Amino acid sequence: MSESFDPSSILVALLGPSADPVTAGYRLRELAEGPPESGPQILEHLHENQELVAQSDPAILGGLLRVIHTLVLRDAARSLALIDPAVVARVEVSLPDEMPNRHLLLHLLAMIRSDESLRALVDRLQVAPPKKWIDAAQVLSPLMQYSDWPIHAVFPDLLLCLQYPSLAAPSLDLANFLVRSRRVAHHPAAEQIDAMNHLLGEVTNRLSKFEEDPRSFGDEVEVVQETLSEAVALAVSLCDSVALIGDESSISKLNQTIELRHRRVQCEAAGALAKFGDDLGKKRVLELTEDPAARLLSLIHISEPTRLQ
């Protein structure tokens, strides 16, 4: 650790109910200019002052989590080795509700990729999932970038998070990745095929209702965009999952999904049906090659022989 940089004196001015939001920005910049190893130091300080953390301004804490995350990423291999997963988990638990960037701590647990860190990650995801699916996707993304982590520490327990809209698609994407990369012989969600078919039917109905009445997702543009993005991501992930599982009970739901106007979803449903040998799926994939918005994805499906044979 650097002897010339001690974040503790700066943190005193940032934590607790008396912290000044006006000077917080300057203090956070000071921390951000520290060496990479100061990231784990700041985490340790938060761990040792959990009661103070719980009383702190959520906006200031959100900025502090961003600083920690940025510092660690500057020298990830070295900094992650200095972090105790139990410390990260306890700090995350101590954070006030409804504060920004708490998912960045979960991302660090995923980056550590140890049995302990991943079990802690899954435990926290089951209790306090990220609010946005894009944040959940970031949390799990390291597990799709590396193959040196213990699968048993994540699956099947992560599938309990399918109940959360923000985590359903990222969790299935990770399961699908494991199948495609041949790290597992059977899809982790294969035993939940009935629940997945039901979920596919539900998200298809939601998207169909949206196509008829966009206001069904809300009146604010940002809310509508986030809800639509989340629903599309889930529909795409489900189509891919049921195709990889290969249980014919999914065909009826896919036949409903393929009728949606959204080109990405329609193309994924068509590709999934084609894998089952369904003539409608094969035909629709070929038709979608004529649509500029769906051509690339359609060609990808065509390039997979098992889908169109």
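Alanine 189 is buried, with a relative accessible area of 0%. Buried here means under 20% relative accessible area, exposed over 50%, and partly exposed in between (1.4 Å probe, protein chains only). Alanine 189 sits in the loop between helix H11 (165–180) and helix H12 (193–212). Helices (H or I, at least four residues) are DSSP runs, numbered from the N terminus. Not counting residues up to four places away in sequence, alanine 189 touches Leu159, Leu172, Met196 and Ile245. A contact requires heavy atoms within 4.5 Å. Alanine 233 is 44 residues away in sequence from alanine 189, and 17 Å away in space, C-alpha to C-alpha.

This is a predicted model, in which local features need pLDDT of at least 70 and side-chain atom pairs count only at pLDDT 80 or more, while totals for chains, interfaces and linings use all residues. Residues are numbered from 1 along each chain as its sequence is written, and side-chain values use heavy atoms, with hydrogens and water left out. The predictor's confidence in each residue is its pLDDT, from 0 to 100. The protein chain has a mean pLDDT of 91, with 92% of its residues at 70 or more. Over residues 305–309, pLDDT stays under 50. For that stretch the model has 16 contacts beyond four places in sequence.

Now turn to helix H2. Its 12 residues, 21–32, should span 16 Å at 1.5 Å a residue, and the end C-alpha atoms are 17 Å apart, which agrees. The expected span is 1.5 Å times one less than the number of residues. Aspartate 20 caps the N-terminal end of H2. One of its side-chain oxygens lies 3.0 Å from the backbone nitrogen of valine 22.

Which residues of H2 are buried? They are Ala24, Leu28 and Leu31. These cover an arc of only 60 degrees around the axis, so they lie on the same side of H2. The arc is that of the directions from the helix axis to the C-beta atoms. An α-helix has 3.6 residues a turn, so residues three or four places apart point the same way. On the other side of H2, Val22 and Arg29 are exposed. The buried residues pack against helix H1 (8–11), helix H3 (38–48) and helix H5 (58–74).

Serine 38 lies in helix H3. At 0% relative accessibility, serine 38 counts as buried. Leaving aside neighbours within four places in sequence, it is in contact with Phe5, Leu31 and Leu71. Its side chain reaches the backbone oxygen of proline 35 at 2.6 Å.

Asparagine 49 belongs to the loop between H3 and helix H4 (50–54). With a relative accessible area of 25%, asparagine 49 is partly exposed. Its side chain reaches the backbone oxygen of histidine 45 at 2.8 Å. Glutamate 202 is 153 residues away along the chain, and the two C-alpha atoms are separated by 44 Å.

Leu31 also belongs to the largest nonpolar core, which has 91 residues. Such a core is a set of buried Ala, Val, Leu, Ile, Met, Phe, Trp, Tyr and Cys residues joined through side-chain atoms within 4.5 Å. Leu14, Leu31, Leu64, Leu121, Leu125, Val154 and Phe155 touch the most other members. Helix H13 (residues 221–245) gives the largest share of this core, 11 residues. Valine 154 touches Leu118, Val122, Leu143, Trp149 and Leu174, not counting residues up to four places away in sequence.

Note on methods: Helix = DSSP H or I, 4+ residues; strand = E, 2+ residues; numbered from the N terminus. Polar contact = N/O pair within 3.5 Å; in protein donor to acceptor, adjacent residues only side chain to side chain.
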